Amino acid sequence: MHFLITQVLNGLVSGMILFLTAAGLSLIFGLMNVVNVAHGSFFMLGAFVGLSVQQFTGSFWAALLLAPLPALLLGAVMERVFIRPLYRRGHLDQVLLTFGFTFVFVDAVRWLWGSGISSVSVPPVLDGIVRLGGIVVPKYRLFLIFVGLLLALVLWLVIERTRLGAMVRASVDDAPTAEGMGINVPLLQSSVFAAGVGIAALGGAVAAPIIGVYTGMDIEILIPAFIVVVIGGMGSLSGAFFGSVFVGLADTLGRSYLPGLSLFLVYVVMIVVLLTRPAGLFVARRS
Amino acid sequence: MTRFAPLAAAALLALAPAVLGNYGIGLLTECLIFAIFAMSLDLLIGYTGLLSFGHAAFFGLSAYAVVTLNVHLGVNGWLGLGAGIVLSTMFAVLVGAVSIRVSGIAFLMVTLAFAQLVFSAALKWRDVTGGTDGLGGLVRPRLFGSSLDNRVTMFYLAFACLVASVWALRRLVAAPLGSVFIGIKENAARMHALGYKVQRFRLLSFTIAGAFAGLAGGLYGLFNGYISTDALNWSVSGDVVIMVILGGAGTIVGPAIGAAIFLVMKDVVSSWTDHWMFLIGAVFIACVMVLPQGVWGAVLQVTGRRR
Amino acid sequence: MVTDTPRGITRRTWLAGAAAAGTLPARAVLAQSGKPLRIGLLNSFSGIFAVLGEDNLNGMSLSFAQDDWQAGGRHVEIIKEDDQINPQIGLQKLKKLVESDKVDMVVGIQASNVAMAVLDYVRANKVFFICSGAGTSGLTRNPMPNLFRTSFSSPQASAVIAKWVLDNVGPETMCMSADYAGGRDTISEFKRFYVKQGGRVSKEIYAPLGTSDFSVYLADLQAANGKSLYAFYAGSDAVRFVKQYAEYGLKDKIRLSCLGFMVESDVLPAQGDAALGIVSSLHYADTLDNPANKAFVAAYRTKYKKFPSVYSEYGYVTGEVIKQAMKTLGGDTSQLGKLEEAVASVKLDAPRGPFAFNPVSHNPIENEYVRVVAEVDGRLANKVISTTPNVSDTALDA
């Protein structure tokens, strides 16, 4: 039983890391219908910026706070200059464009930070383990679950309970009508894109103490994040959240109880889900 | 005049070994093989409107068939090539039958998932595939008395296959069947209303694409004499999508040109500079922004020809 | 000089740098062959092995720079290619080096899959190839006159650590590595020696390649109640694994041992204190107390502002081997038989200790050291705790 609970906690941790990347990916798709292959690059960028901030200031908290900033800025510029002209041109062109950016980002990161692996240490307060009954959990992992849940809550509140959120929802549902109602859709799109990649950058910085900081982490997070988004339902925040938890748990429990099949499990699950619920598992069916 | 352009291009290509060194011939051969691979995917992307992101599976399966059958069982490379194409075609029927039930991004992800399953199987089945270390030691077969070990012979084999593929795909696209594919791409609902069994045609297109990818993969196995799981990696599926868009989706020759540009950039530019990734990325970005129809699409536009 | 930049040397500046060195006044009179000695360096300069490839190149260029880029009266040129850890690309680049650049010999290759992939080509085309990286034993299973290895063959290090675990930790251990050919081979070699000498492996865990969070498996270890773990990871995996192992408090519970690559100086700084106390076996440590190593470490630090890793030492030794062989030959590389003979007879007092080739397999005969991660002069380093002299790759097969 202890073993199962431990593995469920582990599954939640990996689910939260996934959520931090998938949330933005899903929103960007939902609002702009853009497939952002470069999303993982912002995850990587956030980890590296966080690393530098921590080396410079010595503060993990400063690193978390500042890590999303360059991504926000770059994201806004990227959306304005490159992605906007492509909205009408379909997914293929977006894929090629953002795929091009993954190359540029990786090379820029190598140039700035070198190609070695670095690690980020956690602040003393989060160092060490907690014993809950017979279960051993590193404190930082509990913190990570907390960050994921907090972010989910904040995003949910913003989208469901604020005026800004209402505008985003209106634009997701029907952009032309939203525009007609006086919503500045282009501005909204830039903001959501920047915020989405900013969250991914935050995800990179938060995940760094566990998975390290290295070039290649961009691609490693990208495919699982896409799986989450399609399983959960593209464009839906709650879909991204439950999709992340679902994939995190399925992957972790699969590795633990079916180690021989763990490589196959997530993909089989994805095929089954897409065939039975192509819109995603966690999306309320709309008429 | 323009009628003869393809013939002139083919003739020029056929003469290339006379001026190129051994290394250049090898590089060109690789370009020709990937040209077939990219053209096969374009049948899906450019003509039927199916964005497949798992095309490496059909390429890799066939390449594995050629190498493993020869190395483990001593099967002649030609038989292996035939077996590889059959295997890829059959697998395409299976994957196609399942994945055409969904469309758009879901289709992309389902095809990716199938390819990843094949990749994982190759990774796990080490006794046969050699896993990440791969499998080498292929004994190449002979063609008209000359071994495929000879770079020039290998080149002409790939060249002949490319010419045959271009011819076959041109015929296909020009035939009524091609019009049905394009009709499905433009407006599937309309085709359905006209009484076409849309799903059957989609499956047919997927199967044909799988067969040509199998041809390319089998040639690659013969050419390389070695195969590893890297050939099944999702990044190969990504690469070939890029080749198609770069050259121009929805044209026959475009993807072939895209393949050549892509490979030359990857192989040659990476020898010049450590920052080849930056350059490649910048070229992709520039292409999307400036040449929305792809390189060949732009050429066609300038010369005023339709595809 | 351009060649002094440890990172980001493009092929062109590299050649320019080498050429500049060649025009120094100290340059020897041109030997009979006159042509430069062109060395094709094929290694991983992108992806997870990038740092390893750079270290290897740095070590080699230090060796050549110490003789003003001269070897046997010929001026040395290095042409660098990146295999991107992809066998298909590696093979392509090798063909380019041999057929287009017409190099006299090829060195490098850290990734075992790339090394295995080029084997057929090396054999068929009689490419003179000195492997200065990958240690997979399959590479030299069928020896050939044109293939040498200056790094190691994996059984050498495995045997030594297996014995150490048996003697110092106990007759029962668990094993863990990534699920790929290299990882499985390393564990099975360890097992072979460990079991033969009376040990027992109670649990084996193979996590899929690309696993970034090991928590699932660490929970498994925690529940298993073993006393010893022998693990094999490299690069970013090594950093994550060692850190997470400590994070879960397993370090004090289950003694961790490994091949030295898991705690070499490319990953040790990132692992930090989490690595303290890990015992490993390897044929090198930058703390080795011998004159050759002291000189090497000092020169390397002056030139590159960091400590060398075992990969740097491989590169350095490769340079020394080539220089010595070229001296014997007077710079004449035209006859494969003579070239083989000259390289096979090289003996060195290398930084790693006495170095010679096994005349049959062409693998090195070298000392193996058991090392422990400790704080040495205010930095984390591997301290040698025991030495097994002159270990050959075949001596352990009996």
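User: What joins β12(C) to β13(C)?

Analyst: Helices (H or I, at least four residues) and strands (E, at least two) are DSSP runs, numbered from the N terminus. Two strands pair if DSSP finds at least two bridges between them. Here a hairpin of two residues joins β12(C) to β13(C). Strand β12 (residues 347–350) of chain C pairs with strand β13 (residues 353–357) of chain C in the antiparallel sense, over four bridges; L348(C) stands opposite F355(C) in β13(C). The model is predicted: local features need pLDDT of at least 70, side-chain atom pairs count only at pLDDT 80 or more, and totals for chains, interfaces and linings use all residues. Residues are numbered from 1 along each chain as its sequence is written, while chains are lettered from A and ligands numbered from 1 in the order in which they are written.

User: Which residue takes a positive phi in the hairpin of β13(C) and β14(C)?

Analyst: That residue is H362(C), with a phi near 65 degrees, and the hairpin has six residues between the strands. β13(C) and strand β14 (residues 364–376) of chain C pair in the antiparallel sense over two bridges. F357(C) stands opposite P364(C) in β14(C).

User: Where do the side chains of a strand point, and which residues of β4(C) are buried?

Analyst: In a regular strand the side chains alternate between the two faces of the sheet. A residue is buried if 20 or more other C-beta atoms lie within 10 Å of its own, exposed if 12 or fewer, and partly exposed in between, with C-beta atoms placed from the backbone. In strand β4 (residues 105–108) of chain C, M105(C) and V107(C) are buried on one side, and V106(C) and G108(C) on the other.

User: Which strands pair with β4(C)?

Analyst: Strand β1 (residues 37–43) of chain C runs parallel to β4(C), joined by four bridges, and I39(C) has M105(C) as its bridge partner. β4(C) also pairs in the parallel sense with strand β5 (residues 129–131) of chain C, over three bridges; V106(C) stands opposite F129(C). A crossover is right-handed if, with the strands pointing away from the viewer, the path from the first strand over the helix to the second runs clockwise. β4(C), α4(C) and β5(C) make a right-handed β-α-β unit.

User: How many residues does each chain give to the contact of chain B with chain A?

Analyst: Two residues are in contact if their C-beta atoms, placed from the backbone, lie within 7 Å. Chain B gives 32 residues and chain A gives 30 residues. On the side of chain B, α5(B) gives the most, with 10 residues. Ala, Val, Leu, Ile, Met, Phe, Trp, Tyr, Cys and Pro count as nonpolar, Asp, Glu, Lys and Arg as charged, and the others, Gly among them, as polar. By class, that side has 25 nonpolar, five polar and two charged residues.

User: How does the contact of chain C with chain B read?

Analyst: This contact takes 23 residues from chain C and 24 residues from chain B. α3(C) provides the largest share of the chain C side, eight residues. The chain C side divides into eight nonpolar, eight polar and seven charged residues.

User: Is S212(C) buried or exposed?

Analyst: S212(C) is buried, because 20 other C-beta atoms lie within 10 Å. Its place is in the loop between β8 (200–208) and α7 (215–224) of chain C. Leaving aside neighbours within four places in sequence, S212(C) is in contact with I211(A), E220(A) and R240(C).
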